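Work through the following exercises with the sequence and the model open. Each task is followed by a solution in steps.

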Amino acid sequence: MALSPLIRRLIEDLRCLPGVGPKSAQRMAFQLLERDRNGARRLADTLLQSAEKIGHCTQCRTLCETELCTICCDQRRDSRLICVVETPADVVALEQSSGYRGRYFVLMGHLSPLDGIGPNDIGLDLLAEQLKSDEVNEVILATNPTVEGEATAHFIHDMVQRLGITSSRIAFGVPLGSELEYTDSETLSRALQGRQPF
Amino acid sequence: MPRTSLQPAYLLHHRPYRETSSILELFTAEYGRVAVVAKGVRRKKSRLQPLLQLYRPLLLSWRGRGPLYSLDQAEENGAMHSLAGISMMSGFYINELLVRLLHHEDAYPALYATYELLLQQLSQGDIGAELEWLLRQFELRLLHDLGYGLNLEYEVETGEPLQPEQRYHYLPEQGAFYWQESGVGVPLHGATLLGLASGELNESRSRREAKQLMRRMLASLLGDKPLNSRELIRQMM
Ligand SMILES: [Zn+2]
């Protein structure tokens, strides 16, 4: 079936969404055109506004369209505590599950020397400024348990220590729902090291 | 290259590829540096992702046609070398050197063995000043295996054996020349070159000179683009 150039373009553009191949892009395009023109207009408008207006929180660097994000604005949050994470999605995950009441700092990545990503590319200059001027007394390092995440945690730990502030690393263990037999040896050895009284 | 079966290998670098895959730069015992695509490895439930870490001894199978192969299978091949702090950063430095300087699919078996040994040494906690010397030995092996081995025996123009307390200038791809006011190249003492040859370099003067020498040697291969990991290590010191 021949599709008009604009429909083809729509299908092609929808494929920039994660997990969307040609078939699902086509399904989405027809759904919007045949059944939900209003939804399509709203989506287009929201996408456009988001792409133009959403930037980074000037304090924690997470994605938001205001100068400060809702967490940074919230007076009830404990601003003596900063949890450092790699991505905005990590903030969402921790917010949903942890009952954490401090602030965050979002690196938007991790140190990756081979890709030329250094300390300032992940905002550590901004973090250092905040640690010097603010009343922070503990930094929680919640970067991923990869070598790059560890290197990043280590680098920040050094920086934080030089400023006389405490830092701690979140514990890692065997993921819930997984089987020991299929867990890699490094994860197992960390889980054993970080064991707790039962 | 036919389909390989569980080859000893280390991951040197990985970068995202498409939505859920990664391109891995590997250092393998038999095939040298190899690039593979690891399909779906960035999916949440990927079983391979926790395995495919830097500094972890791996057994990998890949197939397809080069230069970019497809990763088939991965298993761990012993405990991970757990590098911490400055050793971890030094691991990045070594990996960056290998990714920048090794050609794909040239075998470097001796270098591979040296790399593995170095990771073991780096994982032995705080090794202090020994760290620098371990890196120098690795750089020396790397230069040698790339075909830029150093001339550590004779003065170039006269063919006279190097003398420990004599001063020289070392020129990359040529060798040591007797020191003179207007000489170019890295200024150093004979003891430094003799120490590099014998694998024993204990004086701090020699170690300092060896560092300058290796830096110059590597710079002539690396060109203008600086080593990012070296900058990172400098910021940590
Ligand atoms: Zn914020």
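Buried area is the accessible area (1.4 Å probe) that two parts lose on being put together, summed over both. The model is predicted, so local features need pLDDT of at least 70 and side-chain atom pairs count only at pLDDT 80 or more, while totals for chains, interfaces and linings use all residues. Residues are numbered from 1 along each chain as its sequence is written, chains are lettered from A and ligands numbered from 1 in the order in which they are written, and side-chain values use heavy atoms, with hydrogens and water left out.

**Exercise 1. The interface**

Describe the contact between chain B and chain A by area, polar pairs and contributing elements.

Step 1. The size of an interface is often given as the accessible area lost when the parts come together. Between chain B and chain A about 2000 Å² is buried, and carbon and sulfur atoms give 64% of that area.

Step 2. Count residues in contact (heavy atoms within 4.5 Å). Chain B contributes 25 residues and chain A contributes 22 residues.

Step 3. Count polar contacts. These are pairs of N or O atoms within 3.5 Å; within protein, one must be able to donate a hydrogen and the other to accept it, and residues adjacent in sequence count only if both atoms are side-chain atoms. Five residue pairs between chain B and chain A are in polar contact, with both residues at pLDDT 80 or more.

Step 4. Helices (H or I, at least four residues) and strands (E, at least two) are DSSP runs, numbered from the N terminus. On the side of chain B that touches chain A, β1 (7-17), α1 (85-101) and α6 (228-236) of chain B each supply at least two residues. The most come from α1(B), with eight residues.

**Exercise 2. The barrel of chain B**

Which strands of chain B form a closed barrel, and what lies across β1 and β2 of chain B?

Step 1. List the elements. Chain B has six helices and eight strands, and from the N terminus on they run β-β-β-β-β-α-α-α-β-β-β-α-α-α.

Step 2. Pair the strands (two strands pair if DSSP finds at least two bridges between them).

Step 3. Check one pair. Strand β3 (residues 32-38) of chain B runs parallel to β5(B) and is joined to it by three bridges. Val36(B) has Tyr69(B) as its bridge partner in β5(B).

Step 4. Place the helix. Axes are lines fitted to C-alpha atoms, for helices over the stretch in contact, and angles run from 0 to 180 degrees between N-to-C directions. Helix α2 (residues 109-122) of chain B lies across β1 and β2 (21-28) of chain B, at about 80° to β1(B).

**Exercise 3. The sheet of chain A**

What is the strand order of the open sheet in chain A, and which strands are at its edges?

Step 1. The order of the four strands is β4-β3-β5-β6 (chain A), with parallel pairing.

Step 2. The edge strands, each pairing on one side only, are β4 (102-106) and β6 (166-169) of chain A. The twist averages 25° from one strand to the next.

Step 3. Four bridges join β3 (residues 78-85) and β5 (residues 138-141) of chain A; in β5(A), Leu141(A) is the partner of Val84(A).

Step 4. Helix α5 (residues 88-97) of chain A lies across β3 and β4 of chain A, at about 155° to β4(A).
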